Amino acid sequence: MPEKHPSPSHSQIHGYGHGHDLDRNHDLHILASDSERHAAEERLRSAVENGRLPFDQFDSRLDEVHAARTRGDLEAACRGLPVPGPRDALVVDRPPTSGSFLAGIFGGFVRKGQWVVPSRMTTWSMWGGGQLDLTEARFSSQDTVIRAVALWGGTKILVPEDIEVEVKGFGLFGAFDKRAAKRIGRPGTPRVTVKGIALFGAVVTRTKHR
């Protein structure tokens, strides 16, 4: 027989006391939005990746998410799983939201905010500059390679504290900063490798602390 499970109470879901249950219990009866369903899907995928949810339960839980009508139904589908934090599920099963080639030639380029990084990127800064901000980004692959070329220009790459960074580029009459290189050693941590050359220019990789 299929597993039966009770609908979760608000205190089980959010960890609030009884007073909060009275104030916010109505939220569970609000109809679920597409973005909330997508967040629940990511929560299940993250749980499988982290070993919290057995893979053979993933499809049935996903069916529950797709059939959910309310926020309470979504929470029931995610029963027993922690609510993701702001930096959970860094590697996502979504296509990149940026092109793989960016150029700042007599100008500049900027990628920042919430975006999905392609697995391979090439940047050119020639008599111009550019900035890649990965601090709120998600990654389409566990391993990302960025080839940065700065010719009489500059590129700044900002990385968060919770990913691994390897810097292999070099400067020729220029600078290829390696101070942000770091290893975390935790399974599942995304890794970004920065390669390239700075000729009469600079490629600077820095950790952006929160």
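Which residue in strand 12 is the bridge partner of Glu164? It is Arg191, and the tour returns to that pair below.

**Before selecting anything**

The model is predicted: local features need pLDDT of at least 70, side-chain atom pairs count only at pLDDT 80 or more, and totals for chains, interfaces and linings use all residues. Residues are numbered from 1 along each chain as its sequence is written, and side-chain values use heavy atoms, with hydrogens and water left out.

**The whole protein**

Display the protein as a cartoon. Its secondary structure comes to five helices and 13 strands; helices (H or I, at least four residues) and strands (E, at least two) are DSSP runs, numbered from the N terminus. Of the 210 residues, 41% are buried. Buried means under 20% relative accessible area, exposed means over 50%, and partly exposed lies in between, for a 1.4 Å probe and protein chains only. Among contacts with a separation of 6 or more, 63% are accounted for by residues 24 or more positions apart, a contact being heavy atoms within 4.5 Å.

**Stop 1: helix 3 and helix 4**

Select residues 34-49, which form helix 3, and residues 58-67, which form helix 4. The two axes come within 10 Å and cross at roughly 170°. Axes are lines fitted to C-alpha atoms, for helices over the stretch in contact, and angles run from 0 to 180 degrees between N-to-C directions. Helix 3 and helix 4 are therefore roughly antiparallel to each other; angles under 35 degrees count as roughly parallel, over 145 as roughly antiparallel, 65 to 115 as roughly perpendicular and the rest as oblique.

Show side chains at the contact next. Arg37, Ala40, Glu41, Leu44, Arg45 and Val48 of helix 3 meet Phe58, Arg61, Leu62, Val65 and His66 of helix 4. These residues divide into six nonpolar, one polar and four charged. Here Ala, Val, Leu, Ile, Met, Phe, Trp, Tyr, Cys and Pro count as nonpolar, Asp, Glu, Lys and Arg as charged, and the others, Gly among them, as polar.

Remain on helix 3 and colour by accessibility. Its buried residues include Arg37, Ala40, Glu41 and Leu44, and the buried residues of helix 3 pack against helix 4 and helix 5 (71-77). An α-helix has 3.6 residues a turn, so residues three or four places apart point the same way. Helix 3 is followed by Gly51, whose phi is positive, near 85°.

**Stop 2**

Two strands pair if DSSP finds at least two bridges between them. Within the sheet, six bridges join strand 8 to strand 13 (residues 202-207), and Lys156 stands opposite Val204 in strand 13.

Phe109 counts as buried because its relative accessibility is 7%. The residues touching Phe109, beyond those up to four places away in sequence, include Trp124, Leu132 and Thr155. The C-alpha atoms of Phe109 and Gly128 are separated by 8.9 Å, although the two residues are 19 residues apart along the chain.

**Stop 2: strand 12 and its partners**

Select residues 191-199, which form strand 12. Strand 12 runs parallel to strand 7 and is joined to it by nine bridges; Thr144 stands opposite Val192. Strand 9 (residues 164-167) pairs with strand 12 in the parallel sense over four bridges, and here Glu164 has Arg191 as its bridge partner. Strand 10 (residues 170-172) is parallel to strand 12 over three bridges, with Gly171 partnered by Ala198.

**Stop 4**

Phe106 is in the loop between strand 1 (101-105) and strand 2 (108-111), and is exposed because its relative accessible area is 67%.

Move to Trp152, in the loop between strand 7 (143-151) and strand 8 (154-159). Its phi is also positive, about 55°, and Trp152 is partly exposed at 42% relative accessible area.

Finish at Lys178, in the loop between strand 11 and strand 12. Lys178 is partly exposed, at 45%, and contacts Val167 and Gly169, leaving aside neighbours within four places in sequence. The C-alpha atoms of Lys178 and Val204 are separated by 7.5 Å.
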